[in-house]
Amino acid sequence: MRFENKTAFITGGGGYIGGTTARMLAKEGACVAVCDISEETVSKTVTAITEAGGRAIGIVCDVTKSQEVDAAVKKTVETFGTLDIMVHVAGGSARGRMKHLIEQSDEVILDVIGVNMFGGIWASRAAAREMVRLKKKGRIINISSVVAQNGLRGCVDYAAAKGGLIAMTRSLAKELACYGITANTVAPGIVQRPGETNEAINTNFLGVKCTAEDVANVILFLASDDAHFITGQTYTVDGGRGLAMKGTDV
């Protein structure tokens, strides 16, 4: 198995992409720390992993608070003895609170940037510190979005946060290269959740829906030994949506 004797820490591990990534890593042998703000979703992901024969712990954590992230990473290392992979998935747009910037409140802007960008900074810093201390040639993977690359009306805050993640990760890749640690980002397009309509397929050139497994497959590649020579890069997973010649708003 690709990740036998490896430990992964995943923020947003109770969500659709994070939970899928956690389960796929565990299926391939990794010990997984599932970190999320929701105790219910954390428990659901951990149960799915353990019932399938994998190893996992759940950690309830608000990624906007650096002390909580530091404690969560420390608990991961104390439990499994190491840390090899960090995936920051926690985030998301303002969704029902989305507005054009001139109408948006400070509260929503700070919330969106807090969980998406600062969450990635805190998780990357905490993981990198442990990887350096343990002398691990680890993998740091932050989840961005095609919105960071192309922009989207009503998502100025989200675009800023996800764009910041890309810039942060590129800089981090330079700082950590001397330790053999890689840092990359994955930028998904519209990810189709179970039960949702298929309207999203009209926004990409392949004409198919993007699932959490499509995104997780790229994450697992970047987390694997096969990607040891890749760092500071952004992998776009959007069916060609970002080519900006098709879709409703790109």
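In this predicted model, seven strands form an open sheet whose order is 3-2-1-4-5-6-7, and the pairing is parallel. The edges are held by strand 3 (55-60) and strand 7 (234-237), and because each of these has a single partner strand, one side of each is left without a neighbour in the sheet. On average, and with direction ignored, neighbouring strands of this sheet are turned by 15° against each other.

Strand 1 (residues 7-11) pairs with strand 4 (residues 85-88) in the parallel sense over four bridges. Along this pairing Phe9 stands opposite Met86 in strand 4, while Ile10 stands opposite Val87 in strand 4. Strand 4 is also joined to strand 5 by four bridges, and these two strands run parallel; here His88 stands opposite Asn142 in strand 5.

In a regular strand the side chains alternate between the two faces of the sheet.

Turning to the pockets, the largest pocket holds about 1200 Å³ of space and is lined by 49 residues, of which Gly92, Ser93, Arg95, Tyr158 and Arg193 lie nearest its centre. The elements that give two or more residues to this lining are helix 1 (16-27), strand 2, helix 4 (106-133), helix 5 (146-150) and helix 6 (156-176), and the largest share, four residues, comes from helix 4.

The second largest pocket has a volume of about 160 Å³. Its lining comprises 14 residues, and those closest to its centre are Asn204, Val208, Cys210, Asp238 and Gly239.

| Pocket | Nonpolar | Polar | Charged |
|---|---|---|---|
| Largest pocket | 23 nonpolar residues | 16 polar residues | 10 charged residues |
| Second largest pocket | six nonpolar residues | four polar residues | four charged residues |

Note on methods. Residues are numbered from 1 along each chain as its sequence is written. This is a predicted model: local features need pLDDT of at least 70, side-chain atom pairs count only at pLDDT 80 or more; totals for chains, interfaces and linings use all residues. Side-chain values use heavy atoms; hydrogens and water are left out. Two strands pair if DSSP finds at least two bridges between them. Axes are lines fitted to C-alpha atoms, for helices over the stretch in contact, and angles run from 0 to 180 degrees between N-to-C directions. On a 1 Å grid over the protein atoms alone, a cavity is a set of points where a 1.4 Å probe fits but cannot get out, and a pocket is an open set with protein on both sides within 12 Å along at least five of seven lines; lining residues have an atom within 4 Å of a point. Grid points are joined across faces, edges and corners, and a volume is the space filled by probe spheres set on the points. Ala, Val, Leu, Ile, Met, Phe, Trp, Tyr, Cys and Pro count as nonpolar, Asp, Glu, Lys and Arg as charged, and the others, Gly among them, as polar.
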